[in-house]
Amino acid sequence: MPGLNHYFRLHQAIERIRKEAIAEYWEKENKDDIIAALTPRQMNYLMIIHKRGPCTLQEIMGLTGLSASASSTAVDKLVKLGILHRETDETTRRFIRVSVTAELLGHLEKIDHLFREKVRFALQSCGAEDISALEQASGRILTSMGTAKQ
């Protein structure tokens, strides 16, 4: 499609802002035992899992781009650290969902708040009409992708 160059550049810029927010928070708060145990990359994975909600290993693979082996290893490490937990299906007794522990939830909410502040700052040069047009176009794109409510 013609004219998508700006869209892809915007996506890359927002992704960079998200990673910067995670790194900034990690640098500031790594005195906390739970945060000090994590790398910025692990924090990135946790934010993805947190935003998605409880998810399967298959979903984690799709969201992070990690292979099955790498996803399993990353989840296992975070479970051992007490940062993620597995929810079991009582009928099959198999692990089916992975989610963030309550202990880490406050940290992730603070990172999300910092990220949103940084995006608002980046968009401050846009007028109300620009923001409205961006919101409408984004809504249509998300709806067509089937992800409007995620």
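Trainee: In this predicted model, what kind of crossing does helix 1 make as it passes helix 6, left-handed or right-handed?
Mentor: Right-handed. In such a crossing the near helix is turned clockwise from the far one, by less than a right angle. Helix 1 passes helix 6 in that sense.

Trainee: Which residues of helix 1 and helix 6 meet?
Mentor: From helix 1, Ile14, Ile17, Arg18, Ala21, Ile22, Glu24 and Tyr25. From helix 6, His107, Lys110, Ile111, Leu114, Phe115, Lys118, Val119 and Ala122. By class, this contact of helix 1 with helix 6 has ten nonpolar residues, one polar and four charged.

Trainee: Why are helix 1 and helix 3 described as oblique to each other?
Mentor: Their angle is about 120 degrees. The roughly perpendicular class stops at 115, and the roughly antiparallel class begins over 145. Helix 1 and helix 3 are therefore oblique. The axes lie 10 Å apart. Helix 1 passes helix 3 in a right-handed crossing.

Trainee: What makes the contact between helix 1 and helix 3?
Mentor: Helix 1 brings Arg18, Lys19, Ile22, Tyr25 and Trp26. Helix 3 brings Pro40, Met43, Asn44, Met47 and Ile48. Seven of the residues in the contact of helix 1 with helix 3 are nonpolar, one is polar and two are charged.

Trainee: Why are helix 4 and helix 5 called roughly perpendicular to each other?
Mentor: Set the angle against the range. Their axes cross at roughly 105 degrees. Roughly perpendicular covers 65 to 115 degrees. The value sits inside that range, so helix 4 and helix 5 are roughly perpendicular. The axes come within 9 Å.

Trainee: Which residues make the contact of helix 4 and helix 5?
Mentor: Leu57, Ile60, Met61 and Thr64 come from helix 4. Ala68, Ser71, Ser72 and Val75 come from helix 5. The contact of helix 4 with helix 5 divides into five nonpolar, three polar and no charged residues.

Trainee: How many cavities of 30 Å³ or more does a search of the whole structure find?
Mentor: One. The largest cavity holds about 40 Å³ of space.

Trainee: Which residues line the largest cavity?
Mentor: Tyr45, Ile49, Ile60, Thr64, Leu66, Ser71, Ala74, Val75 and Leu78. Helix 3 (40-52), helix 4 (57-64) and helix 5 (68-80) each give at least two residues of this lining. Helix 5 has the largest share, with four.

Trainee: How do the residues lining the largest cavity divide by class?
Mentor: Seven are nonpolar, two are polar and none is charged. Tyr counts as nonpolar here, so Tyr45 joins that group. Thr64 and Ser71 are in the polar class.

Trainee: And which residues lie nearest the centre of the largest pocket?
Mentor: His11, Ile14, Glu15, Phe115 and Leu142, out of 41 lining residues. Helix 1 (5-29), helix 3, helix 4, helix 6 (102-122) and helix 7 (128-145) each supply at least two residues of the lining. Helix 1 gives the most, with ten. By class, the pocket lining has 21 nonpolar, nine polar and eleven charged residues.

Trainee: What does the secondary structure of the protein come to?
Mentor: Seven helices and two strands. From the N terminus on, the elements run α-α-α-α-α-β-β-α-α.

Key
Residues numbered from 1 in each chain as written. Predicted model: local features only at pLDDT ≥ 70, side-chain atom pairs only at ≥ 80, totals over all residues. Heavy atoms only, no water. 1 Å grid on protein atoms, 1.4 Å probe; cavity = no way out; pocket = protein on both sides within 12 Å on 5 of 7 lines; lining within 4 Å. Points joined across faces, edges and corners; volume = space filled by probe spheres on them. Contact = heavy atoms within 4.5 Å. Axes fitted to C-alpha atoms, helices over the stretch in contact; angles between N-to-C directions. Parallel < 35°, antiparallel > 145°, perpendicular 65-115°, else oblique.
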